[in-house]
Amino acid sequence: MMDKNVSAPDSQDLYLPARTVAISIICGILQNKGSLSTQLAKHVGRVSNEHQPKLKEICFGVCRWFPKLNSIALNMLQHPFEEDEYDLYAILLIGLYQLEYMDTPDHAAVNEAVEATKELNQDWAGKLFNAVLRRYLRERDEILASIESMPSVEYVHPKWLVKRIKKLWPDYVESVIDANNSHPPMCLRVNERHVSRETAIELLSEKGIDTEKGIFSPSSLYLKKPISVNQLPNFEVGHFSVQDESAQLAAFLLDLKKGDRVLDACAAPGGKTGHLLEKQDISLTAIELESWRLDKIHENLERLNVTADVICADASDLSSWWNGQQFNKILLDAPCSATGVIRRNPDIKINRKPNDIVSLTNIQKSILEEVWKTLAPGGQLLYATCSILEEENSLQMVHFLESHEDAIEKPLLLPDECGLKVTHGRQLLPQQHGHDGFYYCLLEKSI
């Protein structure tokens, strides 16, 4: 079944080339009209199944290497493109990406860029791109040498983010940058209600799927080679889910008891929601602000054969969803900068700005303040983000604990080597061949 968000061509329509659709997606990202994942969900159905891998490679690649590609382009252009010309700029970025990182023959990459401008009736840009791309082929070493000291080129990250990483994690700059610039590993969560991790390893091995155990989550398995979920045995009946190892820790850290009333305050896409329900027989309420994301939650719950009360609401607006019954446990996986999962969402390198952090910390504070009111005395709230920035994590906890006498920080049941101990909670930094960047802090409400 095709995702409802995917715009598939009518039966009488022809599929479009991957490059044509990639131009639309990258243009939308440059114009900040939605994330890469949102844009792909909207447009991927316009490309035939066999060419969708190429579409994703181009889109993820241009976003992943955008800081460098953008610096190269600006170095060679006399004038930057205006916002209403971002479709043209997308063509140039794709051309540079093909020349720098793909195995597309040089002449083909140049010709495809020129042809793409003709589709937009912008022949003048074709002449420009022909000249720019051919110049890059001739002068590549000199051009790169002239810009190699720029942070955007050296680290392939926005300058502001490089400064933050150097300030916060001076001993881990190279490892964080390398992880962010790499392709993320595919990690599975084994549904231990159905199968043990040891048995799962055997089942996957029988299918020729090589795995490696995660170190910190006892339900995690890393695949040596990414595959389609359709190739996973019993995936359709919930024996496996795709979820990063660091995200899997949430369900273990909450230490659920049978019969607990649990709130998942920011639930989409439902990965942690499903894991909580796999772990224990609980009554779970899942809140999600964006209505279009509810389908994914329901889809995950249905596949896992578990149930929850799923509500579309703003978690910080208690009057819109809370019936006054208090919860024993709360998972608040708060909206954040996602700076710990850049490798999975490389468009962050394009559109995330320093001012966004201020807005996000205010949203986090508001949700935390309100959902805390729904927690029963003696209950626990696990605060989580996929950020590596202290404003969203440990400093958020500093301010909350200072202003709430009934809040007590509890130790996280994690081995010492799992992440870094910070002022409050634990910070996991992204690992190139391991888990994503994540933050956890466990709070208990005094009786």
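## Ground rules

Residues are numbered from 1 along each chain as its sequence is written, and side-chain values use heavy atoms, with hydrogens and water left out. Because this is a predicted model, local features need pLDDT of at least 70 and side-chain atom pairs count only at pLDDT 80 or more, while totals for chains, interfaces and linings use all residues.

## Around arginine 193

Let's start with arginine 193, which sits in the loop between strand E1 (187-190) and helix H11 (197-206). Helices (H or I, at least four residues) and strands (E, at least two) are DSSP runs, numbered from the N terminus. Arginine 193 is partly exposed, at 44% relative accessible area. On that scale, buried means under 20%, exposed means over 50%, and partly exposed is in between (1.4 Å probe, protein chains only).

Which residues does arginine 193 touch, leaving aside those up to four places away in sequence? They are Leu277, Glu278, Lys279, Gln280 and Asp281, where a contact means heavy atoms within 4.5 Å. Glutamate 278 is 85 residues away along the chain, yet its C-alpha atom is 6.5 Å from that of arginine 193. The arginine 193 side chain also reaches the backbone oxygen of glutamate 278, at 2.6 Å.

Cysteine 418 is in no disulfide either, with the nearest cysteine sulfur, in cysteine 187, 13 Å away.

## Helix H14 and its cover

Helix H14 covers residues 294-304, and its buried residues are Leu294, Ile297, Asn300, Leu301, Arg303 and Leu304. As background, an α-helix has 3.6 residues a turn, so residues three or four places apart point the same way.

What covers those buried residues of H14? The cover includes E1, strand E4 (240-242), helix H13 (271-279), strand E6 (283-288) and strand E7 (309-312). After H14 comes asparagine 305, which has a positive phi, near 60°.

## Salt bridges

The whole structure holds 20 salt bridges, each being a side-chain nitrogen of Lys or Arg within 4 Å of a carboxyl oxygen of Asp or Glu. One of them joins arginine 344 to aspartate 244, with the closest N and O atoms 3.3 Å apart. Arginine 344 is in the loop between strand E8 (327-333) and helix H15 (348-351), and aspartate 244 is in the loop between E4 and helix H12 (245-253), so the pair ties together parts 100 residues apart in sequence. Arginine 344 is partly exposed at 28%, whereas aspartate 244 is buried at 8%.

Aspartate 255 pairs with lysine 257 at 2.9 Å between the closest N and O atoms; aspartate 255 is partly exposed at 40%, and lysine 257 is partly exposed at 44%. Aspartate 416 and lysine 421 meet at 3.4 Å, N to O, with aspartate 416 exposed at 57% and lysine 421 exposed at 59%. There's a network too, linking Lys68, Glu100, Arg140 and Asp141 through salt bridges.

Notes: Polar contact = N/O pair within 3.5 Å; in protein donor to acceptor, adjacent residues only side chain to side chain. Disulfide = S-S within 2.5 Å.
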